[in-house]
Amino acid sequence: FLAVILALAIAAVAYWFIAVKPPDVVQEMNNNGQQEDAEETTDVNQAAGRTGQKYTFLAVGMDDGNGNTDTIMVATFDTEDYSLNVVSIPRDTLVNVSWNTKKVNSIYANSGIDGLIDGIADLVGYEVDFYGIIDLDAFVKLIDAIGGVDYYVPQDMKYSDAAQDLYIDFTEGMTHLNG
């Protein structure tokens with residue numbers, strides 16, 4: 001029985017080394033329409049087809065504890081057609097980093113805003129032009145400064161977490177929320 005298991009393990013390893021190949025190097029087009037290796041591309045914005053009429057923004061919402069980011073959104077504003085496109089990057093998106101927590105929301109705590117900008121550029125394929133960091137306290141003050149917001153709660157919501165001092169108790173319907 002042990003010999004059969006060992007033979008299967010050797011066959012699986014041999015198959016892995018023979019059949020599994022690394023992905024091809026991504027080819028990109030330069031301004032002359034010629035292909036070039038991705039490693040040779042010096043300007044990621046040029047490679048992504050960015051023009052002077054498009055501006056990109058990174059909006060980062062901080063959590064209230066360990067310096068990680070809870071919200072990461074990248075927006076592109078096109079000044080020619082006045083369109084705004086926004087993509088939210090899930091906080092648990094896998095990234096290749098040198099520390100143990102391999103999630104995009106850990107980059108800010110470990111590398112600061114410059115590291116996060118570089119990490120986002122790796123994900124989306126271009127560098128962002130501007131960024132804004134919103135911490136939880138500033139968000140609370142902003143909502144209170146405008147007198148709160150009215151929100152339709154689509155269903156009853158009840159949640160308690162004493163460790164975070166977080167208690168949610170809303171019934172379905174319109175409600176007024178403060179910071």
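The model is predicted, so local features need pLDDT of at least 70, side-chain atom pairs count only at pLDDT 80 or more, and totals for chains, interfaces and linings use all residues. Residues are numbered from 1 along each chain as its sequence is written, and side-chain values use heavy atoms, with hydrogens and water left out.

The protein contains four helices and ten strands. Helices (H or I, at least four residues) and strands (E, at least two) are DSSP runs, numbered from the N terminus. Starting at the N terminus, the order of elements is α-β-β-α-β-β-β-α-β-α-β-β-β-β. The protein exposes about 13,000 Å². Carbon and sulfur atoms supply 56% of that area. Accessible areas come from the Shrake-Rupley method with a 1.4 Å probe; for residues, only the protein chains shown count as cover. Of the 179 residues, 21% count as buried. Buried means under 20% relative accessible area, exposed means over 50%, and partly exposed lies in between (1.4 Å probe, protein chains only). Contact means heavy atoms within 4.5 Å. Among contacts between residues at least 6 apart in sequence, 40% join residues at least 24 apart.

Thr-69 lies in strand β4, which covers residues 69-78. Its relative accessible area is 0%, so Thr-69 is buried. Leaving aside neighbours within four places in sequence, Thr-69 is in contact with Val-60, Gly-61, Met-62, Arg-91, Val-104, Asn-105, Tyr-108 and Leu-116.

Val-95 sits in the loop between β5 (83-88) and α3. Val-95 counts as buried, at 11% relative accessibility. Not counting residues up to four places away in sequence, Val-95 touches Lys-102, Lys-103, Val-104, Ile-107 and Leu-123. Val-95 and Leu-123 are 28 residues apart along the chain, and their C-alpha atoms are separated by 8.3 Å.

Ile-117 belongs to helix α3. With a relative accessible area of 16%, Ile-117 is buried. Apart from neighbours within four places in sequence, Ile-117 is in contact with Leu-58, Val-128 and Tyr-131. The C-alpha atoms of Ile-117 and Asp-129 are separated by 9.4 Å, and the two residues are twelve apart along the chain.

Charged pairs were examined next. Side chains of opposite charge can pair when their charged atoms come close. A salt bridge is a side-chain nitrogen of Lys or Arg within 4 Å of a carboxyl oxygen of Asp or Glu. By this rule the count comes to three salt bridges.

Asp-70 forms a salt bridge with Arg-91, and the closest N and O atoms are 3.2 Å apart. Asp-70 lies in strand β4 and Arg-91 in the loop between β5 and α3, so the pair ties together parts that are 21 residues apart in sequence. Asp-70 is partly exposed, with a relative accessible area of 35%. Arg-91 also counts as partly exposed, at 35% relative accessibility.

Asp-92 forms a salt bridge with Lys-103, with the closest N and O atoms 3.6 Å apart. Asp-92 and Lys-103 are each in the loop between β5 and α3, eleven residues apart. Asp-92 is partly exposed at a relative accessible area of 48%, and Lys-103 is partly exposed at 34%.

Lys-158 forms a salt bridge with Asp-169; here the closest N and O atoms are 3.4 Å apart. This pair links strand β8 (residues 157-161), which holds Lys-158, to strand β9 (residues 166-170), which holds Asp-169. Lys-158 is exposed at 67% relative accessibility. Asp-169 is exposed with a relative accessible area of 56%.

Surface patches complete the description. Patches are made of residues with over 30% relative accessible area and no salt bridge: like charges are joined within 9 Å, and nonpolar side chains (Val, Leu, Ile, Met, Phe, Trp, Tyr) within 5 Å. Tyr-55, Phe-57 and Phe-130 make a nonpolar surface patch of about 270 Å². Tyr-55 lies in strand β3 (residues 54-62). Tyr-55 is partly exposed, with a relative accessible area of 33%.

Asp-114, Asp-118, Asp-122 and Glu-127 form a negative surface patch. Lys and Arg count as positive and Asp and Glu as negative; His and the chain ends are not counted. The place of a charge is taken as NZ of Lys, CZ of Arg, CG of Asp or CD of Glu. Glu-127 is found in the loop between α3 (107-124) and β6 (130-134). Its relative accessible area is 38%, so Glu-127 is partly exposed.
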